[in-house]
Every structure is written in structure tokens, then in C-alpha cells.
Amino acid sequence: MASDEHRPEEHRPEDRRLDLSEPIRIDAGGWGLSWVADDRGALHQLGLGPDGCAAPLEVGAEWYPLAFPSLDGTDPFRPPALQITHADGTLSTRLVLRSVRRLHESGGEHVVAVTSDEIFDLRVEHHLRTHPASGVLEQWVEVVHGEAGPVTLLAHDSVAPLLMVPEDAEVVQFGGAGWADEWRWSTDRLVIGTTVLGSLGGVQPHLQRGPCLMLSPHGRFEPGASGAAQDHGEVIGLSVCWAGNVHMCLDVRPRAEPGADRELRLRAGASALGAPYRLDPGVTMVLPKVAWTWSTGGTDGVTEAFHRWSRARVMRDPDRTRRIVANNWEATFFDFDEQRVVGLIERAADLGAEVFLLDDGWFGTTRPRDDDTQGLGDWDVDVRKLPDGLSPLADAARRSGIRFGIWVEPEMVNPRSELHDAHPEWVLRDAREPRLHRHQLYLDPLQPEVREFEADVVDRALSAAPGTTYLKWDANRPITDAGSTALASDRQANVWFDHATATWDVMDRVARAHPEVELMLCASGGGRTDHGSLRFFHEVWTSDNTDPVTRVRMQWACSHFFPAAVMAAHVTRWGERPMSFACAVALSGRFGVDLDLDAVTADELAVLRRAVAVAHRTQDVIQRGVLHRYVSPVAGVDRSRAAWSLSLGERTVLFLYQLEEPSSPPPVIGLLGVDPASDYEVRVSDLDADADADAADQVRIVSGVELAEGVAWPLPSPLTARIVELSRVV
Ligand code: DGJ
């Protein structure tokens, strides 16, 4: 895996090695786990969960389940977390604890349990890095060996805890149809056998599945249930920090005694499906981090943990409020010239946007990028559209008082391009003719020249017009022809793992080289929405699907793991919903517009102006506030409404959405995050109001008690929304 977070780890001198007979206790903040080695040295899971760190050793270590089963014959009936074919062809790996290092670092500790094979020169390190302030544990595995030749990893998970769960335990997962269907919420009963929640395709894996899950270890996800719900009960939240194929495996086995809980082995990490990894002696394979938590406060507790951890350990510039972006993609697609873009920039600035992003179509010389069939890879400005280059656009932005940003897709090439003419050998392919997808091919990031080229694409795009300080990095096809000339014939399948680390190397380089540039990560939408990639970017393009009804549900789901600051949400024409509704939905993420501002009606413009005013007043609270949820659009019988709020200091912003015709009486929202002993200035924005901005906002003083007791549902019909801003009166 690419280098760690940008913040250096601080190891203090009391770092120490532990006695190997002592249990290894990990206090993850409100929960934890303990491992203990048996007489042979095999690691067992002594405890896991809220009391897991302190679990007493009551019987011999060998009576506890294995902490991380490798294929060693101990449990021949279930898939292992680690399976390695050794250089001599031996299929089993039997690991023994050799040492434990406990490294104190700022904000937590980093424990390394070093194991190695009983007879082979092969080391497997378990890394457990805590962040008690959030309750998120980062866990991963590193493998290195000194055998006589390469070994082959057939399974390589990062975590593999074992839990006892009742028959009605459930999992929330986010598997969808692919493009434009990210973050589809699904609550499913665990079934006996092995359920693999996986993704394939390599480059945009999270289009098919958010790399996250939530699990209720004590029963169903349902309000009032003995299991868990939004605000109560125990919930495990887990995120695989990986930009390649991911899997999360739920391996459930019943026990013979009637009514007994079932055994669940939860394995998660990079998927090895169809991708056996050949590892040379002396090379360390760093498997992806899995970040996980064990909430005792329902799914809200998972959210709180992941938001805190994301801000502390993942996000770039977490305290910097993201700016309002105006994008031209859905306004013009490939069809624009300088005059049109300058006009859009001026309109965007007049509206109050803070960044103008020029999307796809600005480049290509002999095969200009007039559609998606050609030009990709030729990163010189198309002088037919932009005779004086990008500078007049950046100048127009500067004159208008906003920033200028640019779109690139550095990893791809159209066969109809000068780049492909010059370097047909740069594409990823096997022995067959490579298949096109969106008329393009994937450049092989395992070739050093390709990585140089990709970093250079960004450098050139940013320097083409001085003052370019925003960049969208896109990637619009999966891997279909896995094969790299940079890999020997016996290890072609390594490409499934290595393409992700190689691409992170380039992204890391870009992030370090351009600290002042705000970076958005897009992969045909949210295809790379993972906590590993997010280290290099300020935000992600959550989905190409901006139909606000769908977006409410997507953003609800995604926000369980990612703060609103990183979820780009733009107002578009998708779904042809009322402008006021589209604006209200985009306002709950990192707000932006992707509209033909030359073609909006006067009424629509008035709505947009009101929305931008709300964004300016509220975006710090939305992006940095603590999230509270009230009404779910994805769970329960009536999914026609949604409500949530964000609180920062003395201020709260409440979002209320009526998506469809309701099938239940209107709810009353008891506001969280308000002080009952205080009064609040309450401003209700109806973006649709048929009046000027001031008259559309009603402001009054309401007591905190009244707010905590309940706000009546104000929305009479589908596709309506209210944004309620509250400030404590001091
Ligand atoms: C896919 C992205 O998701 C869109 O927003 C847009 O940038 C297009 N690519 C451009 O080709």
C-alpha cells in the first residue's frame, strides 16, 4: 500500500516489546480486542467488543477461536483469511507469534504482532493502530519472506474477527447496479454459509459496492428491536481502505445446540478472487487497512466514529471549508468555446459560486475531444475551442473573483489519439486485442514511464493557466484485459493488486506537489469512494446520479462513513425535479451547481440565489458539524421522508425532505444537539417561496426545550424540502 497519511507518526521512547505469554490487549476507545498465543504460539482471539480489551483468560488459550486463521489444517471446513503456496509448493501456512511491539504515537498506539511460519522463512505482521478519540481501529497485515523463490498468496485478508451472533443478526451493505447506483442501502439477514460482498473491475470498484458495511451482532436493525437501530444498540462499522477490488466475507456456521448463537467469521480486505499474488523474496506486501469500530450507540455511533477518524487521520485539510463549485459538464458536455465558457464563469461568479470547474473536452489537437471517441491522452489545449488556451478562462475567473479548476483523466487513452499512436505499448492488455470501454483503454500504471506521464498530465494541466487551483481527477473504465508488460508471465494476476498501489503512488505525488490545489476524485461518479484514496483528495464526486430523490438516499448512506465535506453534491436537471428541491438536496453535501446558467429561468435563478445564500451561511456547519439523524429514507416501512441535522458550536442546520407520497402520519422531530436551557434564533428557508430572498426566510425565536420536544413536520407534498438554521441566542 502506498505511504501512510501525510501526518508523520510520532513514536515515543517508551515503545516496548511485550512478553509473548501476555495477552495482546488493544484498547480501541470504547471497545477493543485481546489476542493470546497458545503453547505452540498460534494467536487466539480472547476477547472482542465493548469489553474485549479486558477479557480474562479463563481457560487455556487454545480453547479460544483463532484470531486470524491461515490455511493450516486447524479448521479445514472454512475459508482461511490467509492462504499461501510456498516456494516449494507447500500449501499450508502455520504461524507462530515471535514478538509484539507496542509503539506509542500521538493520538493512539500502533501494536505490531509479528508472526512467522513454523518451518518457512515467511513473516506475517499484524498491525493494529488505535485512535481512541474516535473509536476506530486501523488493522492490516504485512507479508514478507525469504524463501527460495516467489510464494503465491491465494487469500490475504486484513481482518478476520470471530463473533457469536443470533439467527436474526443483520448486515447493512451498499451493493448496487453499477454506474449511477452507488450507495444503495440494503439490510439483509445473515445466512448460513459464506456470503461474499465483493467488487470487481479494479479501477471503479465502488461503483458496484461501497467498500463498507454495518453489522448488528445482537439482532435486527429495527427501531426498538433488541438488536440495534439508529440511536441504540451495538453496531460494527467497517471500511476497507482500498481502491481496488474489495471483499467483505460473512462466513456463518450454525452450532448443533438448539437455539445457540451462530459463529460468524468476518473477513475483509483486498479481494484475491482471480488474483493469486506472486510475492518475491524480500518484498513486503502491505495489505490494505481495514478501519473498523464497535458502536454501543447504534448506527449513529458508527457515523460519529468514522467522521472523527476521517477528520483526524484521513482527510486533507479537514478544517478548510470546501468552496461552492460551478461545473460546466451537464451545461455543455463537449460542446463549448472560449466565449461560452467565459459567459458561464461570469454567471457562476454572479451567482456566488467560488470555483469554476472546466470539465472534459478542453484538449486534443489532431483528434480533438469533441466527444468521448477520441483525444483522451492528448493533453494539449484544443485551439479550435480555446484559441488562446486556458489562460483567458483562468483570467476571467480571477476577474470575477473566483477560482479556476480543470478536469483530467490521466490514467486513460483513446486509441484515436496521438498518445496511443506514439505508445501503443503503454496500455494494459493481455494477448488478445484489448476491449474498449467508453471508447478508451487503461494505461498500465505498473510501467514507470506511464506513472511519470500521469503525474505530468496533472502538472501540465495545472500550469497551463496560472491560478488554476482546483482539479477533478476522473477514471471512466474498468480493467477488462488484465495484463502488464511490467510483470513476468508467471505473475500477470498481480496487476489486480498492484495497479491500485501504483496509482496511489501517482496520486500521492500529485497531492504532495500541489498542496494548495483542491482535488476532487471521481471515477465515473463514486467509483473510488474509499478512505484509502481519500488521503490524497479533498472530496469525491459522490455519483453521476444527481436526481435529488436518489441523492438523498445515497448521501444518507454514504454519510454513515464519510462527512458531508467530502461528498460533492451538485444541482443538475437529473430527474427534472423542482429546482428548489434539487438545491435543498445539494446543500446537504459539498454544494455546487452543474447547470446551463445561460438557460435558467428568472424563477430558477431566484431559487439558486437563495440556495447559494444558504450555502454561504451554512457550509461550515454542514461540512464540519456533528451529524444527527431523525427520519430514514432507506429503512422502515415508510421511506418517503428524510431528516437530519448538523451542529457546530452554537449553530445547527436541519434538513427536511419529503421525497414521495407518505404512507404514515407526519413525524415530530425532537432536535438533538440543542441546549434546552437556551433560546434559538430559528430561520426556516423555503427555497421555493414566491418572493424575494428575505421574505422567503421566516426568522423567529424558539426555546431549546420546544426544539428538543419536537418540530412538527412542515412538508405537505412530495419533492418539497425545508432547511432550518438555528443559532443559540447568547
Ligand atoms: C464522468 C464523470 O462522472 C462526469 O462528472 C464527467 O466528468 C464525465 N466523466 C466527463 O467525461
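**Entry 1, the largest cavity.** I began with the residues that line the largest cavity, and by class I counted eight nonpolar, four polar and two charged ones. This is a predicted model, so I kept in mind that every value here is computed from predicted coordinates. The volume of this largest cavity comes to about 140 Å³. Of its 14 lining residues, I noted those closest to the centre, which are A42, L43, L66, F68 and L95.

I then asked how many cavities of 30 Å³ or more the structure holds. The search gave eight. For the second largest cavity I wrote down a volume of about 80 Å³. Its lining has 13 residues, and the closest to its centre are S559, A564, M567, L627 and W644.

**Entry 3, around the ligand.** Next I turned to the ligand and found that 13 residues surround it, with D359, D360, K472, D474 and D544 as the closest. Sorted by class, this shell has six charged, four nonpolar and three polar residues.

I also looked up individual atom pairs between side chains and the ligand. For D544, a polar side-chain atom lies 2.4 Å from an oxygen atom of the ligand. In the side chain of W407, an N or O atom is 3.1 Å from an oxygen atom of the ligand, while N476 has a polar side-chain atom 3.3 Å from a ligand nitrogen atom. I then checked how far the ligand is covered: taken alone it exposes 300 Å², and the protein buries 96% of that.

Where pLDDT is low, predicted coordinates should not be read in detail.

Conventions:
Residues numbered from 1 in each chain as written. Predicted model: local features only at pLDDT ≥ 70, side-chain atom pairs only at ≥ 80, totals over all residues. Heavy atoms only, no water. Near = heavy atom within 4 Å. Polar contact = N/O pair within 3.5 Å; in protein donor to acceptor, adjacent residues only side chain to side chain. Areas by Shrake-Rupley, 256 points an atom, 1.4 Å probe, with all protein chains shown as cover. Nonpolar A, V, L, I, M, F, W, Y, C, P; charged D, E, K, R; others polar. 1 Å grid on protein atoms, 1.4 Å probe; cavity = no way out; pocket = protein on both sides within 12 Å on 5 of 7 lines; lining within 4 Å. Points joined across faces, edges and corners; volume = space filled by probe spheres on them.
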